[in-house]
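Reader: Got the model open. Can you walk me through some local details?

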Amino acid sequence: MPNSFKKPVRVRFAPSPTGRTHLGSGRTALYNYLIARQTGGQFILRIEDTDRKRYNAESEQELIDSLHWLGIEWDEGPDIGGPHAPYHQSKRKEIYQQHATQLIEMGHAYYCFCTPERLARVRQEQQKRKEASQYDGTCRLLSKDEAAQRVSSGESHVIRFKTPTDGTITVRDHLRGEITVENKNIDDYIIVKSDGLALYHLAAMVDDHLMGITHVIRGSEWLPTFPLHAHIIRAFGWQEPDWIHLSVFLKPSGKGKMSKRDSAQLIKDGKSIFLTDLRSLGYLPEGVLNWTALMGWSLDDHTEFFTLDDLVNKFDLDRLNPSPAAINFSKLDHFNGLHMRSLSITDLAERIKPYFLEAGYEVNDDKLLKVTPLLQPRIITLEDAPEMGGFFFEEEVHPGPESLVGKKMTPAESAEAVQRAFQILTELPEVNHETAEEPMRALAEELGLKAGQLFGILRAAVTGRTVSPPLFETMEIIGRETVLERIRKAQETLAEMVD
């Protein structure tokens, strides 16, 4: 086992379904999944949905569908249950309230009755004094009896964590080592809102403890509140998990953190950081996983091709890199191409068939199995398949007249070349790579042409495209009669151009 964690781990992926599922979520889920499978441990999916105003049920379903598409499965979760159900935080309200009350009784938390208006005034005054914006501790000074009486009278309140005001706290991140922070710089964060729902700071710590989480692998956006989370855990006297905060994703330019605003421009450019978009664009889950895994981790300085099983065997938390990782879509294309070419013909045919159907083609499965080997080395995404090979399933093709004129040739010269080619191909019992290529090369030489000039004209005539799989293998699949008919029509078109 390559990493330093030998015992079975219990890890969790705990997203907030408030928007679309992006690469950052996919990578966090993947790394958690890998370490769980590698150690024979458990991977838990838990939904952080206490922000009910932003929670979106469709986002949760998209999340689940996206993870399934990637091949990431969990051992416990909202859709399959488990010994620590429920796995929605919104359904664990009483559990958090009990723990919040326990913190108050132990002197580690307190009720706060400050109104939003008062808090806004405090922040404005702090900004004028150029001070950090923090709660000023007014309700921290209330006696427990007075606070309890105000709560029982129905006064609106939140619960804040009572952060120590002196000394320091040292926390350890697996990638960054020890981090020491002065307690006076840590705010008295709200841990339970006025509606009684706990915030992440309390809820996640409670759930991690109750669910036996041994390692917390999460995004670096939690680094600023990392000391607070450690304070909460230590206040309860619980054992801390090992903490791993992953690197941030940078824009493709490498300048600045990737944001949802940037994603809108990417979509206009035909790219996306959202998993469902990558799926619809025809990327393979294997390619996306390979690409994502290497944005923050590497095995060595040369190995780049990984299947999911490879990653389970070779992933190593000790080889994670905390440095920001730029999103490189060229590398995605590269990895997707590698995995595209690693698929069996049958598998690839099954995957590209829906894209042909969506493009309006009636697909013959036997022909598709013949076409697929020609497409496999040439397509980057599944979406490329109908664009490159749709003509195989068309009754007729309609090449533009200009495409039938060879490079550096006149319409008359092109017409003569096509007429001669038609005569030769008509005399062949079959039209395929073995029978047709040599005579066509000989014809080009006889006419003083480069093979590419003649082949380009024939390609346009037979496929209706200027770019296609190899010409003579293509002719064989299309069939002799259809090939001759399409070349005959090209003759007619060129004759009209000459006239």
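Author: Start with strand E3, residues 109-112. This is a predicted model, by the way.

Reader: OK. Which residues of E3 sit on each side?

Author: Ala-109 and Tyr-111 are on one side, Tyr-110 and Cys-112 on the other. All four are buried, and both faces of E3 are covered.

Reader: How many bridges join E3 to strand E4?

Author: There are 4, and the two strands run antiparallel. E4 covers residues 158-161.

Reader: And what is the bridge partner of Ala-109 in E4?

Author: Phe-161.

Reader: Switching to rings. How many aromatic pairs are there?

Author: The structure holds 13. Phe-356 and Phe-393 make an edge-to-face pair. Their centres are 5.2 Å apart, with 65 degrees between the planes.

Reader: Where do those two sit in the chain?

Author: Phe-356 is in helix H13, residues 345-358. Phe-393 is in the loop between helix H15 (384-389) and helix H16 (411-427). They are 37 residues apart, so the pair links distant parts of the chain.

Reader: Are they buried or exposed?

Author: Phe-356 and Phe-393 are both buried.

Reader: Which residues form an aromatic cluster?

Author: Tyr-31, Trp-297, Phe-306 and Phe-315 form one.

Reader: Which Arg residues lie over ring faces?

Author: Arg-150 lies over the face of Phe-113, at 4.3 Å from the ring centre. Arg-160 does this with Tyr-135, at 3.8 Å.

Reader: Now Arg-486. Buried or exposed?

Author: Arg-486 is buried, yet has no salt bridge. This residue is in helix H20, residues 480-498.

Reader: Why no salt bridge?

Author: The nearest side chain of opposite charge, Glu-394, is 5.7 Å away.

Reader: What does Arg-486 touch?

Author: Beyond four places in sequence, its contacts include Glu-394, Glu-395 and Glu-396. Phe-391, Val-397 and Ile-478 are also among them.

Reader: Last one, Leu-369. Which helix?

Author: Leu-369 is in H14, residues 365-375. At 38% relative accessibility, Leu-369 counts as partly exposed.

Reader: What is Leu-369 in contact with?

Author: Ile-345, Thr-346 and Ala-349, leaving aside neighbours within four places in sequence.

Reader: And how far is Asp-347 from Leu-369?

Author: They are 9.9 Å apart, C-alpha to C-alpha, and 22 residues apart in sequence.

Definitions and conventions
Residues are numbered from 1 along each chain as its sequence is written. This is a predicted model: local features need pLDDT of at least 70, side-chain atom pairs count only at pLDDT 80 or more; totals for chains, interfaces and linings use all residues. Side-chain values use heavy atoms; hydrogens and water are left out. Rings of Phe, Tyr and Trp (its six-membered ring) pair if their centres lie within 6.5 Å; planes under 30 degrees apart count as stacked, over 60 as edge-to-face and the rest as tilted. Buried means under 20% relative accessible area, exposed over 50%, partly exposed in between (1.4 Å probe, protein chains only). A charge sits over a ring if NZ of Lys or CZ of Arg is within 6 Å of the ring centre and within 35 degrees of the ring normal. Lys and Arg count as positive and Asp and Glu as negative; His and the chain ends are not counted. A salt bridge is a side-chain nitrogen of Lys or Arg within 4 Å of a carboxyl oxygen of Asp or Glu. Contact means heavy atoms within 4.5 Å. Two strands pair if DSSP finds at least two bridges between them.
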